[in-house]
Amino acid sequence: MASVVLASATGGRVGVLAQEAPQSPARGGQAVLPYAEKKFGGDVGTTFQDADPAQFPQPVRAPEGAPNVLLVLLDDVGFGQFGVTGGGVPSPAMDALAAEGLTFTRFHTTALCSPTRAALLTGRNHNVAGTGVITELATGYDGYTGVIPKDTATVSEILRQNGYATAWIGKNHNTPIYETSAAGPFDHWPNGLGFDYFYGFMAGDTNQLRPYLFENQTPIGTPTAADYYLSVDLADRTIDWLKTLEAIQPAKPWFAYLAPAATHAPHQAPRELIEKYAGKFAMGWDAYREQTFERQKAQGIIPADTELTPRPASLPAWDSLDADQKRLYERMMEVFAAFGEQVDHEVGRVLDYVGSLPDADNTLIIYIVGDNGASAEGGFDGTLNENAFFNAYLMKTGEMIDRIDEIGTEMHFNHFPAGWAWAMDTPFQWTKQVASHLGGVRNPMVVRWPAKQGPGGETRTQFLHVIDIAPTILDAAGIAQPRSVNGTTQVPIQGRSFLPTLADPEAPEVRTSQYFEMFANRGMYQGGWWAASLSFEPWQPERGEWDPFTAKWELYNLEEDFSQARDLAGENPGKLEQLKALWWAQAAANKALPLDWRGAERFSAEFTGKPNLAGDRTSFTYAGPLAGLPESSAPDLKNKSFSVSARLDIGEGANGMIFTQGGNTGGWAFYLRDGLLKAAHNFIDVELYTVEAGAPLAAGTHEVAMTFAYAGGEEMGGGGTLTLSVDGQEVGRGEIGRTTPFKYSLSENQDIGSDTGTPVTYDYRTPLTFEGRLEEVVVDLRP
């Protein structure tokens with residue numbers, strides 16, 4: 001411990017200021033976190049003159065030589081999508097990283113986004129981390145709460161308490177949906193999960209041009225710039241955060257988790273990028289798979305003896321489609337490719353900046369190219385609104401073809417057809433959601449760490465799972481897995497470090513067994529063998545009766561069959577029975593039971609009993625404007641009668657939003673336009689119902705109301721009658737043919753006095769801030 005002696009003008013000793021070295025744990029860190037607070041252990045004396053030297057508490061330092069860590073996770077990406085693994089979507093930034101680093105071709109996710117992300121951050125299986133499904137579909141069983149438990153601390157929390165700076169930038173789909181409002185609680189927000197800084201959105205997906213964003217726990221609203229794109233913004237924020245650290249504390253290692261929304265729906269990109277791909281996918285999905293398959297073999301991504309798996313019987317051959325279908329589907333794929341090019345470029349800017357830093361060689365970059373396989377949630381024909389699928393509605397070509405030029409803009413939440421998703425997963429079977437097969441769970445991963453890896457441009461073929469990421473990061477940092485974090489004894493991390501594979505392509509397998517489960521799609525891997533049982537095809541939004549005990553199982557030898565092309569169940573029934581029994585044992589041990597294959601109905605909070613800040617209330621009073629209340633914390637207007645009334649004071653020809661819930665993916669709007677009282681219901685971007693008053697409101701104080709009388713009875717998504725009134729007198733009435741049954745959106749809000757997201761109807765432009773005084777808004781729910 002160094003000290004500085006200060007002398008008085010007469011030469012006398014007046015005190016000693018001690019400079020305590022920062023608290024630096026031995027390599028391996030501490031088994032119990034947090035570290036104890038440093039207390040002064042000397043003699044305080046009676047005055048500073050006879051006290052022992054002062055000692056300030058010092059922050060914990062990371063172990064000597066601990067690397068920076070950049071963790072990138074893309075969204076909804078197929079194995080055969082990007083050029084880095086032979087796909088047809090160019091990826092120059094990924095290609096460059098792979099040329100300097102290592103490409104892992106047998107890395108696996110969970111088949112769905114929230115579960116993969118929980119497993120990634122905690123190093124535990126997704127059910128053990130409470131996230132057996134996306135948070136919106138949580139059911140309340142321990143493996144399906146949507147709540148990351150305190151006994152599965154995140155890698156970020158461990159790093160933060162061991163001297164790292166930490167940031168999460170991008171998508172957060174790991175906070176319970178009923179805790180995403182400005183009221184919190186914030187334990188399960190990124191700042192409560194070990195991240196010093198958060199910037200991004202709190203949902204499974206969002207409009208790329210008009211997202212509702214948060215900085216830490218503060219809502220900052222929706223960007224309005226005409227040239228705004230989320231991928232650009234997230235790259236800028238990541239670089240800015242790193243620049244700040246470099247300027248203020250360059251010696252402190254950092255952990256940055258960058259989670260872009262791409263290439264999850266909505267597929268949106270700048271028009272000039274989309275036009276680059278005109279005609280590039282006219283070959284269709286069958287030929288795309290054949291071309292990608294040949295490129296994968298040529299690039300050494302797949303073994304030369306790999307077989308290309310056939311198209312599922314329920315998907316149409318490209319050559320069987322009519323002219324309108326081909327034109328629509330081509331355009332959807334062109335938009336998707338542009339979306340992919342954009343995110344590759346923007347993440348590439350972050351990679352370039354990281355590469356320019358003085359400690360670039362001691363920066364571990366882990367780039368996971370997708371949290372699951374490509375998504376088939378667009379259904380057979382694709383859709384203008386992914387949320388339609390979540391409401392058990394599949395759009396048809398005839399409903400979309402006249403709006404083809406709007407695809408890729410902020411006007412729609414568009415998603416390409418299931419056939420393209422299947423093509424993006426070349427050479428494998430199936431897609432996102434299907435945890436039983438590799439198309440749902442095998443994603444490319446590129447790793448670069450110049451200080452520790454072997455020659456760049458090589459592939460690695462060890463079988464890995466997303467739970468292996470967290471322990472690998474800790475191993476690289478020289479930090480042991482703690483037994484206790486913040487007073488809670490920890491469930492041991494289930495993942496294993498694959499650090500030895502970076503230097504040695506022949507390093508032994510660290511993962512020889514792994515269970516998979518999603519929507520009762522089941523997979524069991526052990527020692528090169530894989531047992532698989534498909535429950536429902538992923539493009540089936542409605543799922544009826546099904547028996548897991550009589551469902552068919554398949555068997556594959558992945559050591560000899562890279563793509564799961566040859567089912568050996570009939571040839572080796574003994575091995576299959578062994579793996580089936582092992583699956584049930586692993587499912588029970590990892591909290592994957594009870595199996596639940598239900599679809600869209602699980603979005604309903606009333607149906608599943610999910611908590612809601614609205615509680616059991618039937619009346620809600622809002623004292624003036626209130627923006628950004630998530631749908632999951634707002635009054636549930638679906639499948640029932642309700643009214644919205646408001647007291648307001650306006651001038652002539654006033655404009656403004658009174659009340660809205662949802663957006664262009666579905667929902668309600670009650671507003672003024674040029675003094676005229678209007679209301680609208682958007683039925684999942686398929687039909688728009690509007691009612692308006694016969695004459696504008698006069699200037700002054702009024703009480704206005706929108707009343708909906710639901711006529712659907714016990715049916716979900718039924719219609720009804722919408723009535724408008726002013727000062728107790730009816731001024732407008734109309735029929736609403738169908739209503740959105742389960743979910744208006746995953747990312748839109750309830751707003752009063754403005755509209756923070758996309759408009760319910762393009763009769764107005766957001767934010768449509770209320771002109772005048774909005775004194776009170778009351779929402780009443782009725783039986």
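The predicted model contains 15 helices and 33 strands. Its radius of gyration is 28 Å, which is close to the 28 Å that the globule rule gives for 783 residues, so the protein is as compact as a globular protein of that length. Along its principal axes, the C-alpha trace spans about 90 × 85 × 50 Å.

Two helix contacts involving helix α7 were then examined. Two packed helices are described by the angle between their axes and by the distance between those axes. Helix α1, which covers residues 92-100, and helix α7, which covers residues 323-356, have axes that come within 7 Å and cross at roughly 45 degrees. On the side of α1 the contact is made by P92, A93, M94 and L97, while α7 contributes D344, G348 and L351. By class, the residues of this contact comprise five that are nonpolar, one that is polar and one that is charged.

Helix α4, formed by residues 230-248, also packs against α7, and here the axes come within 9 Å and cross at roughly 10 degrees. The two helices α4 and α7 are therefore roughly parallel to each other. The residues of α4 that make the contact are S231, V232, A235, D236, T238, I239, L242, K243 and E246, and those of α7 are Q342, V343, E346, R349, V350, Y353 and V354. In the contact of α4 with α7, eight residues are nonpolar, three are polar and five are charged.

The open spaces of the model were considered next. The largest pocket holds about 440 Å³ of space. It is lined by 22 residues, and those closest to its centre are R61, A62, A251, K252 and P253. The lining of the largest pocket is made up of ten nonpolar, seven polar and five charged residues. For the second largest pocket, the volume is about 340 Å³, and among its 14 lining residues R210, T224, E410, R765 and T766 lie nearest the centre. Five nonpolar, five polar and four charged residues form the lining of this second largest pocket.

The largest cavity has a volume of about 260 Å³, and of the 24 residues that line it, T180, M202, A203, L746 and S747 are the closest to its centre. Sorted by class, the residues lining the largest cavity are eight nonpolar, twelve polar and four charged. The second largest cavity, with a volume of about 190 Å³, is lined by 21 residues, of which L137, E377, F390, Q433 and F603 lie nearest its centre. Its lining divides into eleven nonpolar, six polar and four charged residues.

Technical notes. Residues are numbered from 1 along each chain as its sequence is written. This is a predicted model: local features need pLDDT of at least 70, side-chain atom pairs count only at pLDDT 80 or more; totals for chains, interfaces and linings use all residues. Side-chain values use heavy atoms; hydrogens and water are left out. Axes are lines fitted to C-alpha atoms, for helices over the stretch in contact, and angles run from 0 to 180 degrees between N-to-C directions. Helices (H or I, at least four residues) and strands (E, at least two) are DSSP runs, numbered from the N terminus. Contact means heavy atoms within 4.5 Å. Ala, Val, Leu, Ile, Met, Phe, Trp, Tyr, Cys and Pro count as nonpolar, Asp, Glu, Lys and Arg as charged, and the others, Gly among them, as polar. On a 1 Å grid over the protein atoms alone, a cavity is a set of points where a 1.4 Å probe fits but cannot get out, and a pocket is an open set with protein on both sides within 12 Å along at least five of seven lines; lining residues have an atom within 4 Å of a point. Grid points are joined across faces, edges and corners, and a volume is the space filled by probe spheres set on the points. The radius of gyration is taken over C-alpha atoms; the globule rule is 2.2 Å times the number of residues to the power 0.38. Angles under 35 degrees count as roughly parallel, over 145 as roughly antiparallel, 65 to 115 as roughly perpendicular and the rest as oblique.
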